[in-house]
Amino acid sequence: MPRFFTLFFLFSFFFFFHFSFSHDTNLLPRPLILEYSELVGEELKLRCRSWRVAGEANNLSPWKTIPEECEEYVKEYMVGKSYVFDLELVSKEAEDYAKTVKLNGDGKDAWIFDIDETLLSNIPYYADHRFGLELFDHEEFNKWVEKGMALAIKPSLKLYEDVLKLGFKVILLTGRSERHRSVTVDNLISAGFRDWHQLILRNSEDHGKLATIYKSEKRSEMEKDGYRIHGNSGDQWSDLLGFSLSVRSFKLPNPMYYIP
């Protein structure tokens with residue numbers, strides 16, 4: 001009997017010890033999860049690149065600013081060669097697709113372009129606002145728009161010109177306000193963009209709508225007018241998703257801001 005109780009005690013102690021340390025996470029330290037603020041150098045850059053890729057793949061929850069620790073990474077990306085190479089790749093893929101489309105010849109084969117960070121670059125504005133670390137200020141951005149100083153995104157300008165030569169009707173669909181039509185037209189022309197078929201801006205009825213809804217509704221109106229939307233180029237998923245979708249959509253990189 002004593003031997004039995006000894007064995008039972010040892011078995012019980014071992015079982016309790018094993019069970020407790022295996023299932024009660026308060027008894028053992030949890031795995032260390034590094035916040036971005038604790039990372040430095042190459043590892044921080046890799047983490048920030050992962051964040052950017054997740055955003056481009058539309059895997060992030062809606063966000064208002066970039067991670068504070070990624071400010072320098074986003075800056076280097078936007079003013080460096082990586083951004084240019086990514087733009088060139090997207091434009092080349094879009095051009096290759098456009099060449100495969102058999103146009104009907106009735107003037108109803110359309111290609112849609114967004115404007116900001118798709119045709120025109122606002123990097124000078126965002127450089128003054130920490131490349132997306134500051135909360136977006138509509139009034140401040142409107143002041144920048146009214147200067148009409150945005151430059152052409154060169155790979156997009158090439159695609160734009162090639163799409164026109166192929167015979168597509170180019171429709172510009174932007175979230176800019178109708179009150180900025182004149183300055184937008186002047187800015188586009190000065191940057192090298194000409195001969196678009198339509199320029200659609202937000203009117204009073206469109207203000208307050210999510211970009212996804214607003215742009216989907218405008219594409220639906222195009223379809224009702226008989227247009228076949230073969231291609232759509234934009235830097236935001238809200239330029240491309242929703243309803244009345246194009247046959248092919250082309251997402252340009254933009255880690256500085258997110259528009260739902």
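What is the volume of the largest pocket?

1. Basis of the note. This is a predicted model, in which local features need pLDDT of at least 70 and side-chain atom pairs count only at pLDDT 80 or more, while totals for chains, interfaces and linings use all residues. Residues are numbered from 1 along each chain as its sequence is written, and side-chain values use heavy atoms, with hydrogens and water left out.

2. The largest pocket. Its volume is about 1000 Å³, where a volume is the space filled by probe spheres set on grid points that are joined across faces, edges and corners. On a 1 Å grid over the protein atoms alone, a pocket is an open set of points with protein on both sides within 12 Å along at least five of seven lines, a cavity is a set where a 1.4 Å probe fits but cannot get out, and lining residues have an atom within 4 Å of a point. The largest pocket is lined by 41 residues, and those nearest its centre are Phe 136, His 138, Phe 141, Gly 175 and Ile 259. Two or more lining residues come from each of H5, H6, strand S4 (169-177), helix H9 (211-224) and helix H10 (237-240); helices (H or I, at least four residues) and strands (E, at least two) are DSSP runs numbered from the N terminus. The lining divides into 15 nonpolar, twelve polar and 14 charged residues, with Ala, Val, Leu, Ile, Met, Phe, Trp, Tyr, Cys and Pro counted as nonpolar, Asp, Glu, Lys and Arg as charged, and the others, Gly among them, as polar.

3. The second largest pocket. This one holds about 170 Å³ of space, and its lining has seven nonpolar, one polar and one charged residues. H4 supplies the largest share of that lining, three residues, and H4, strand S3 (151-152) and H7 each give at least two. The lining residues include Tyr 83, Leu 87, Ser 121 and Lys 154.

4. The cavity. The count comes to one cavity of 30 Å³ or more, and the largest cavity has about 110 Å³ of space. Among the 14 residues that line the largest cavity, Gly 55, Glu 56, Trp 63, Asn 254 and Tyr 257 are the closest to its centre. Helix H2 (residues 41-56) contributes the largest share of this lining, four residues.

5. The nonpolar cores. A nonpolar core is a set of buried Ala, Val, Leu, Ile, Met, Phe, Trp, Tyr and Cys residues joined through side-chain atoms within 4.5 Å, and buried means under 20% relative accessible area, exposed over 50%, and partly exposed in between (1.4 Å probe, protein chains only). The largest core has 50 residues, of which Val 74, Trp 111, Phe 113, Leu 172 and Phe 193 touch the most other members. Helix H4 (residues 81-98) gives the most to this core, six residues. Another core, of nine residues, lies apart from it and includes Ile 171 and Ile 229.

6. Aromatic pairs. Rings of Phe, Tyr and Trp (its six-membered ring) pair if their centres lie within 6.5 Å, with planes under 30 degrees apart called stacked, over 60 edge-to-face and the rest tilted. The whole structure has 16 aromatic pairs. Trp 63 and Tyr 258 form a tilted one, 6.2 Å centre to centre with 35° between the planes, and this pair links parts of the chain 195 residues apart. Trp 63 is buried at 15% relative accessible area, whereas Tyr 258 is partly exposed at 26%. The rings of Tyr 160 and Phe 193 have centres 5.0 Å apart and planes at 85°, so this pair is edge-to-face.

7. Single residues to look at. Glu 117, in the loop between strand S1 (109-113) and strand S2 (120-121), has a positive phi near 65° although it is a residue other than glycine, and it is buried, with a relative accessible area of 1%. Arg 130 also has a positive phi, near 60°, but is partly exposed at 37% relative accessible area. His 230, found in strand S6 (residues 228-234), is buried at 11% relative accessibility.
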